[in-house]
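Q: I would like to learn how to read this structure, one feature at a time. Where should we start?

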Amino acid sequence: MKTQFLLFFLLPLVTLAAQNDRQYSTWRFALDGGIGYMVGSTEKAQKALEGTSLQLLSGDYYNDLKLGGQGSTDIHYFFHPHLGVGLNYSFFASKAKCMDDGRLIPTITGYTTVYSSLGETMYIHYIGPSFLMRSFINGLKTIQLSISASIGYTRYMDKGRIMVDNEQLKLQAAGNTLGAMAGVGIEYFLTRKLAVGIDVEFLYASFGSLDVKEETASRISVDLTDNDENVSRINASLGFRLYL
């Protein structure tokens, strides 16, 4: 009975000592998924639709385009218990579509209904070297705070379709620029090597020019000096981390 009584009190102490003795791992592999929301203004883009049959739909259209799914992965090597360097990759995709209610136009045989619509799918890729700081924030060393910063390459691609009076035009736009990303995350260790984490990140990227190509025409460069394409966004994600 005395032995069981001692074990009842000693077992939690032994477990606590083992957790406090946790060593920081050298490598971290992370995989995340979640949502992203672009914070750039769409005021000028909406003004471009003023006077058209799509004007009333433009607000919902751009709200749909700004919200999308995103995923990321990264690998880091820690040269110090709290400091590491590595590589970060992030992907974002969104799409939107709107169509007016149609309007009647006269024809030889009477009237016919014509529609105007606008739709596009946007993809944004980011990859770059990153710097990561980490630290346990509880006595059991099961919860870890991480802060990251990165500067890298951002690739923008947009495939759009415009239909006016039943005549369709397909456009593709693409561009490259330098971007920057910063984030903060909380991780909870399920085991010594596996943790689940929640991250909030901010990506800044803006394009001064884009290469635009019509489906049947040659590619041209469009200067956006007076209307930069700002694709900056906030990410919220959930994922797993593997420590080795």
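Q: Is Lys-141 buried, exposed or partly exposed?
A: Lys-141 has 24% relative accessibility, so the residue counts as partly exposed. The model is predicted: local features need pLDDT of at least 70, side-chain atom pairs count only at pLDDT 80 or more, and totals for chains, interfaces and linings use all residues. Residues are numbered from 1 along each chain as its sequence is written, and side-chain values use heavy atoms, with hydrogens and water left out.

Q: Where does Lys-141 lie, and what is its phi?
A: Helices (H or I, at least four residues) and strands (E, at least two) are DSSP runs, numbered from the N terminus. Lys-141 sits in the loop between strand E6 (117–136) and strand E7 (143–164). Its phi is near 55°, a positive value in a residue other than glycine.

Q: How many helices and strands does the chain have?
A: There are three helices and 14 strands. Of the 244 residues in the chain, 34% are buried.

Q: How many salt bridges are there?
A: Side chains of opposite charge can pair when their charged atoms come close. Here the criterion is a side-chain nitrogen of Lys or Arg within 4 Å of a carboxyl oxygen of Asp or Glu. By this rule the count is five.

Q: Which residues does the salt-bridge network link?
A: The network contains Arg-28, Asp-32, Asp-74, Glu-187, Asp-199 and Arg-241. Consider the pairs made by Arg-241, starting with Asp-32, where the N to O distance is 2.9 Å. Asp-32 is in strand E1 (residues 27–38) and Arg-241 in strand E14 (residues 233–243), so this pair ties together parts 209 residues apart in sequence.
A salt bridge also joins Glu-187 to Arg-241, with the closest N and O atoms 3.6 Å apart. Glu-187 belongs to strand E8 (residues 167–189) and Arg-241 to strand E14, so the pair ties together parts that are 54 residues apart in sequence.
Asp-199 meets Arg-241 in a salt bridge at 2.5 Å, N to O. This pair links distant parts of the chain, with Asp-199 in strand E9 (residues 194–204) and Arg-241 in strand E14, 42 residues apart.

Q: Are these side chains buried or exposed?
A: Arg-241 counts as buried because its relative accessibility is 0%. Asp-199, at 10%, is also buried. Asp-32 is buried, and Glu-187 is buried.

Q: What is Asn-235 in contact with, beyond its neighbours in sequence?
A: Contact means heavy atoms within 4.5 Å. Leaving aside neighbours within four places in sequence, Asn-235 touches Ile-35, Gly-36, Gln-70, Ser-90, Met-181, Asp-199, Val-200 and Glu-201. Asn-235 lies in strand E14 and is buried, with a relative accessible area of 1%.

Q: What share of the chain's contacts comes from residues 24 or more positions apart?
A: Such residues account for 69% of the contacts with a separation of 6 or more.

Q: Where is pLDDT below 50?
A: pLDDT is the predictor's confidence in each residue, from 0 to 100. Where pLDDT is low, the predicted coordinates should not be read in detail. The chain averages 80, and 69% of the residues score at least 70. Over residues 5–21 the pLDDT is below 50, and this stretch has nine contacts in the model beyond near neighbours in sequence. Residues 217–226 also stay under 50, with 24 contacts beyond four places in sequence.

Methods
Buried < 20%, exposed > 50% of the residue type's maximum accessible area, 1.4 Å probe, protein only.
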